[in-house]
Amino acid sequence: MTDSQTLQSLNQILYGPPGTGKTYSTINAALAILDSDYLERHGEDRGALKRRFDVLVEEHRVRFITFHQSFSYEDFIEGLRATTSEESGQIRYDVVDGVFKSLCDAAAAKVSRPMEVACGQVEYIDVRGRRIWKMSLGNTQGSDASIYDECVHNGYVLLGWGGNVDFAGCNSREDVLQRFQSHNLKRDPPRNDYEVKAVDWFVTRMKPGDLVVISDGNFKFRAIGEVAGGYQFQPHVDFVGDFSQRRSVRWLRTYEPSLPHDELMKNQFSQMTLYELRQGSIDLDKLQRLLSSGSTTSTSGGLQTGPLGGYVVTKVTSDLVELTKPNGNHLAFAMNMLATLADGIRAGQITFEDIRSKEAVDKIPGKGLEPHLVNGYNNILAQLVEQLCSQAATESHIEMKDGLNNARVLIIDEINRGNISRIFGELITLIEPSKRAGADEQLEVVLPYSKRPFSVPKNVYIIGTMNTADRSLTSMDVALRRRFVFVEMPPRPDLLGGIAVDGIPIDRLLAILNQRIEALLDRDHCLGHAYFMPLRQTSTLSKLGEIFLNRVLPLLQEYFFDDWQRIQWVLNDHRKSGEFRFITRGSMDAIDLFGPDVNVVRNPQAWTINNGAFRRKESYLGVIDVRGATEGE
């Protein structure tokens with residue numbers, strides 16, 4: 001665990017009134033945990049921070065969800081989902097992990113690399129151009145659960161279809177079908193039709209060099225291997241009549257516990273025992289990342305082999321970086337060119353954006369940079385130099401000891417809008433730092449659907465946001481309060497300093513509005529500075545009017561339950577001249593409205609919104625000081 005992760009709270013909630021940047025700040029909070037060095041280098045560049053955050057989201061190291069009244073335990077932890085078997089056509093109910101449990105499993109996963117351990121070196125595996133198969137090796141909850149461990153230990157895969165028939169010499173589906181029929185194994189469709197198809201794929205179409213992804217149900221996978229040999233027939237000692245079809249495999253990665261399917265797939269796995277994974281179902285970039293992790297070079301200064309911006313870095317030495325272009329052609333950059341650009345970054349002479357915008361060569365002349373090369377490959381060069389400067393991933397051995405180098409962040413927006421007891425269930429205790437896996441007081445529970453033990457890893461961070469002005473809520477769950485660190489996000493008028501619209505100081509405008517709201521209500525119902533941030537780009541009266549009419553006024557109506565008189569007090573309308581009042585009051589004649597026979601106790605009043613006031617600067621100046629909104633000024 002890094003020093004920055006040690007300093008970060010495992011459970012924290014950013015709370016404050018609307019518009020104070022709570023959700024906005026979750027990006028910085030996540031980067032402070034997952035990539036604090038990057039945050040420190042690019043802290044003032046929001047675009048760079050967002051791009052890095054998006055990469056982490058794509059890698060599923062960050063998950064973002066929003067709580068609401070319908071969000072349940074089944075969505076968050078685990079539940080049952082009905083699926084139809086494509087082999088038998090029968091309906092079955094699978095236990096499906098919710099967002100939190102899948103994140104915990106991914107964070108806790110121990111990665112083994114049997115092939116690398118056996119050969120004593122790290123090998124780069126390029127997935128492009130390879131056929132990829134999904135295969136099941138026994139059922140984790142069935143009588144054949146031991147098949148997976150047997151296959152991993154002995155370096156092969158076994159197909160349960162085909163009975164005790166030797167299919168050696170078969171070269172087509174017709175050959176396989178005839179072999180079935182000669183052994184009286186061809187039975188009525190549809191079951192047997194798939195059996196013939198599966199055996200045909202395994203015997204005639206699967207080739208050495210193909211990749212095999214081993215599934216664990218429809219929503220997880222637990223190993224990735226490379227086919228290393230041809231078809232073999234070997235009757236199984238323990239499962240007579242089954243698992244007699246074999247192929248040698250080099251196991252590239254195994255995972256314990258199994259990883260969620262979305263760490264690799266674009267959709268869930270099919271129930272079929274064996275089938276080819278095509279590009280529409282598998283994410284090749286994710287597969288490449290899984291197989292490339294750990295393939296670093298000690299002389300590279302921080303550069304890694306693997307996919308990068310559509311290219312693939314295939315080799316890194318102290319002199320050269322070799323890549324494969326998206327079209328398959330090869331490309332090489334001299335390391336001294338990358339070092340020159342990196343030195344310019346460190347010296348503050350250029351920025352990464354200068355490289356992308358083709359301005360780097362002009363800003364550091366006399367360095368021997370070739371404009372055609374630097375400007376022609378500006379985007380990939382910027383990414384290489386950024387990786388070089390970050391000194392990222394310099395370890396050649398990446399065994400994720402205790403999962404600490406694989407931290408994950410779950411961002412829960414509007415955390416106080418969900419039913420906490422219903423969503424967290426028994427896991428509300430397990431998220432406490434002292435109860436996490438590996439802690440002195442660690443606890444685990446048996447989950448109700450899967451019946452498996454579960455604990456929360458100590459490298460899973462929860463960041464929540466809470467709107468203090470949400471009147472649809474009563475009191476926050478006390479159990480949540482005791483288990484989270486609360487970080488206040490108050491309005492920051494100082495962030496609006498220097499913004500003026502036709503002489504209206506926006507920071508003072510927001511400050512005085514919040515002072516009045518706090519006096520009439522409380523500090524939980526103030527207005528956030530984020531509503532006024534667009535004025536940095538468009539500092540016009542019409543934009544300010546749009547913010548007041550569409551954002552400020554509806555919030556005040558919500559805060560004061562449509563008590564228009566108090567809204568007038570906040571806007572200082574009661575002391576302005578009529579034309580500068582945002583809210584105007586008129587009287588009604590009760591007798592004209594209802595007749596003399598209706599006894600109206602109070603004198604009815606009509607409140608209207610004066611749209612013209614939103615276009616007058618005096619209306620806003622009058623909020624600050626009534627002398628700015630009187631007739632004749």
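**Ground rules**

I am working on a predicted model, where local features need pLDDT of at least 70, side-chain atom pairs count only at pLDDT 80 or more, and totals for chains, interfaces and linings use all residues. Residues are numbered from 1 along each chain as its sequence is written, and side-chain values use heavy atoms, with hydrogens and water left out.

**Whole chain**

I looked up the overall make-up and found 24 helices and 24 strands in the protein chain. For me these are DSSP runs, numbered from the N terminus: H or I over at least four residues for helices, E over at least two for strands. I then checked burial, taking buried as under 20% relative accessible area, exposed as over 50% and partly exposed as in between, with a 1.4 Å probe and protein chains only. Of the 633 residues in the protein chain, 50% count as buried. Among contacts between residues at least 6 apart in sequence, 66% join residues at least 24 apart.

I picked Phe53, which sits in helix α4 (residues 46–58). Is it buried or exposed? Phe53 counts as buried because its relative accessibility is 8%. Leaving aside neighbours within four places in sequence, I get Ile27, Ala30, Leu31, Val62 and Ile411 as the contacts of Phe53. Leu31 is 22 residues from Phe53 in sequence, and the C-alpha to C-alpha distance is 7.0 Å.

Next I went to helix α2 (residues 22–34). Its 13 residues reach 19 Å from first C-alpha to last, close to the 18 Å expected at 1.5 Å a residue; the expected span is 1.5 Å times one less than the number of residues. The buried residues of α2 include Ile27, Ala30 and Leu31.

**His42**

I found His42 in the loop between α3 (36–41) and α4. His42 counts as buried because its relative accessibility is 10%. Beyond neighbours within four places in sequence, His42 is in contact with Ala48, Leu49, Phe352 and Glu386.

**The five-stranded sheet**

I traced an open sheet in the order β2-β16-β19-β1-β20, with parallel pairing; strands pair here if DSSP finds at least two bridges between them. The edges are β2 (62–66) and β20 (485–488), each pairing on one side only. From one strand to the next the twist averages 20°; for such angles, axes are lines fitted to C-alpha atoms, for helices over the stretch in contact, and values run from 0 to 180 degrees between N-to-C directions. Helix α2 packs on this sheet, touching β1 (11–16), β2, β16 and β19, and its direction makes about 165° with that of β19.

I also noted five bridges between β16 (residues 408–413) and β19 (residues 460–467), which run parallel. Leu410 has Ile462 of β19 as its bridge partner. Helix α6 (residues 99–108) lies across β2, β16 and β19, at about 165° to β16.

**The four-stranded sheet**

Another open sheet has the order β12-β13-β14-β15 and antiparallel pairing. Its edge strands are β12 (306–308) and β15 (330–334), each pairing on one side only. I read an average twist of 35° from one strand to the next. Three bridges join β12 to β13 (residues 311–316), and Leu308 stands opposite Tyr311 in β13. Helix α12 (residues 335–346) lies across β13, β14 (320–324) and β15, running at about 60° to β15.

**Cores**

I counted as a nonpolar core any set of buried Ala, Val, Leu, Ile, Met, Phe, Trp, Tyr and Cys residues joined through side-chain atoms within 4.5 Å. The largest has 58 residues, and Met135, Leu137, Phe167, Ile214, Phe221, Leu274 and Leu287 touch the most other members. Helix α10 (residues 191–205) gives the most to this core, seven residues. A second, separate core of 36 residues includes Ile517, Ile547, Phe614 and Val623.

**Helix α22**

Last, I listed the buried residues of α22 (residues 564–571): Trp564, Ile567, Gln568, Val570 and Leu571. They lie on the same side of α22, because they cover an arc of only 160° around the axis, taken from the directions from the helix axis to the C-beta atoms. Their cover includes α20 (506–520), α21 (541–559) and β23 (583–587). After α22 comes Asn572, with a positive phi near 65°.

Notes:
Contact = heavy atoms within 4.5 Å.
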